[in-house]
Amino acid sequence: MSRYWNSLVSKLEPYVPGEQPRVQNLIKLNTNEHPYGPSPKVLAAIAAQTNDSLRLYPDPTALELREAIAGRFGLTAAQVFVGNGSDEVLGHAFHALLKHDAPILFPDITYSFYPVYCGLYEIAYKAVPLDENFKIRVQDYLPEGQARAGGIIFPNPNAPTGIAQPLEQIERVIAGNPDIVVVVDEAYVDFGAQTAAGLIARYPNLLVVHTMSKAYSLAGLRVGFALGHPDLIQGLDRVKNSFNSYPLDRLALAGAQAAVLDQTYFEQARDAVVRSRDALTADLQRLGFEVLPSAANFVFARHPAHSGEALASALRARNILVRHFKHGRISNHLRITIGTDAQCNQLVIACREILK
Ligand code: PMP
């Protein structure tokens, strides 16, 4: 606290990112990074740009990258916005498209950055409880008989549960709310859910947000993007160009573009994670864990006989880092990122020891 802070800064409750410790030989399964490196073509593209051209500003419109992304989704560049990680893209979406008079809606158990943006941009919100199986109830997001919402945002698959919502249910939310923007945060969609990008042509109120941090293995490069009607994209551009015209540097633009164009590598690396996830799920279930069905690159699991906090610290004592959230209904769950098969095996061995 400082007397130099304004009243808004004094009352902010900032997001707390997962730990990035500098401990040797740590098995780091706490921030949903990809266990394998990015495509060699990404590294080559970044190396090729590491030269005197770094004295020049990058393309503020990121046109080539937006064209590459558009090509992947059968869209045009005018339907694509890129930003410095999807966190920045989401921040701009809150600011440009979700900030209206009425409270916005998102699930009570979801990405914990959403209420933080609401604090920063002074947006009222209502956290809508997931059902007893940690699933989103579509009817809770339909306007019938309810006060008008200022906007809707939810991840698909949801985080930290990993549970995917079928596309037709997502379409009901979008179609049922034509006067407000519905943001579908698809950070983990490539690991097993269906993207809503194909609905963009029919719904001008839909914004789909993706990250290159997860399935593209580029968390360190900070690239995210949004897909939607050109009017929504222009709204994001207006905020971006009132804040930072060059959110993506030359190396990020080159690396991200190479990643998008190397779909073969992307699919191979992604499929390896999905296989490991299914194997880890079965292993944890054999140890008595209840594991929610995951369509993401992590599993969300609890053991009926052990507290989440105790398990997380016992794993930490064995140099294995997983994510534990201290709040409410999920305080006994652990969110475990899918590592390499060797890392997953070490996790299972450690759990077996701890549960003995
Ligand atoms: N959305 C969700 C649901 C996430 O879990 C994350 C990762 N913490 C993000 C968005 C942001 O990812 P990034 O900023 O790395 O693109």
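Arg137 and Asp140 form a salt bridge, with their closest N and O atoms 3.0 Å apart. That term is used for a side-chain nitrogen of Lys or Arg within 4 Å of a carboxyl oxygen of Asp or Glu.

Some ground rules before moving on. You are looking at a predicted model, where local features need pLDDT of at least 70, side-chain atom pairs count only at pLDDT 80 or more, and totals for chains, interfaces and linings use all residues. Residues are numbered from 1 along each chain as its sequence is written, and side-chain values use heavy atoms, with hydrogens and water left out.

**Stop two: bridges across the chain**

How many salt bridges does the structure hold? There are 13. For one of them, pick Lys11 and Glu122, whose side chains meet at 3.8 Å, N to O. This pair ties together distant parts of the chain, 111 residues apart: Lys11 belongs to helix H1 (residues 7–11), while Glu122 is in the loop between helix H5 (113–121) and strand E4 (125–128). Such labels come from DSSP runs, numbered from the N terminus: helices (H or I) have at least four residues and strands (E) at least two. Both Lys11 and Glu122 are exposed.

Next, select Arg329 and Asp108, another salt bridge, at 3.4 Å from N to O. Here the partners are 221 residues apart, with Arg329 in the loop between strands E11 (320–322) and E12 (333–337), and Asp108 in the loop between strand E3 (104–107) and H5. Arg329 is partly exposed, with a relative accessible area of 38%, and Asp108 is partly exposed too, at 33%.

Go to the loop between strand E5 (151–155) and helix H6 (167–175), where Pro157 sits. The peptide bond from Asn156 to Pro157 is cis, with omega near -10°. Pro160 lies in the loop between E5 and H6 as well, and a cis peptide bond joins Ala159 to Pro160, with omega about 5°.

Now for phi. Asn32 is not a glycine, yet its phi is positive, near 55°. Look for Asn32 in the loop between strand E1 (27–29) and helix H2 (40–49). Is Asn32 buried or exposed? Asn32 is buried, with a relative accessible area of 0%. Arg222, also not a glycine, has a positive phi of about 60°; find Arg222 in the loop between strands E7 (206–211) and E8 (224–228). At 29% relative accessibility, Arg222 counts as partly exposed.

**Last stop: helix H9**

Select residues 263–286, the 24 residues of H9. At 1.5 Å a residue, H9 should span 34 Å, which agrees with the 35 Å between its end C-alpha atoms; the expected span is 1.5 Å times one less than the number of residues.

Colour the buried residues of H9, among them Phe266, Arg270, Val273, Arg277 and Leu284. What do the buried residues of H9 pack against? Their neighbours are helix H3 (63–73), strand E9 (290–291), strand E10 (298–302), E12 and helix H11 (341–355), where contact means heavy atoms within 4.5 Å. Finish just after H9, at Gly288, which takes a positive phi of about 95°.

Terms used: Buried means under 20% relative accessible area, exposed over 50%, partly exposed in between (1.4 Å probe, protein chains only).
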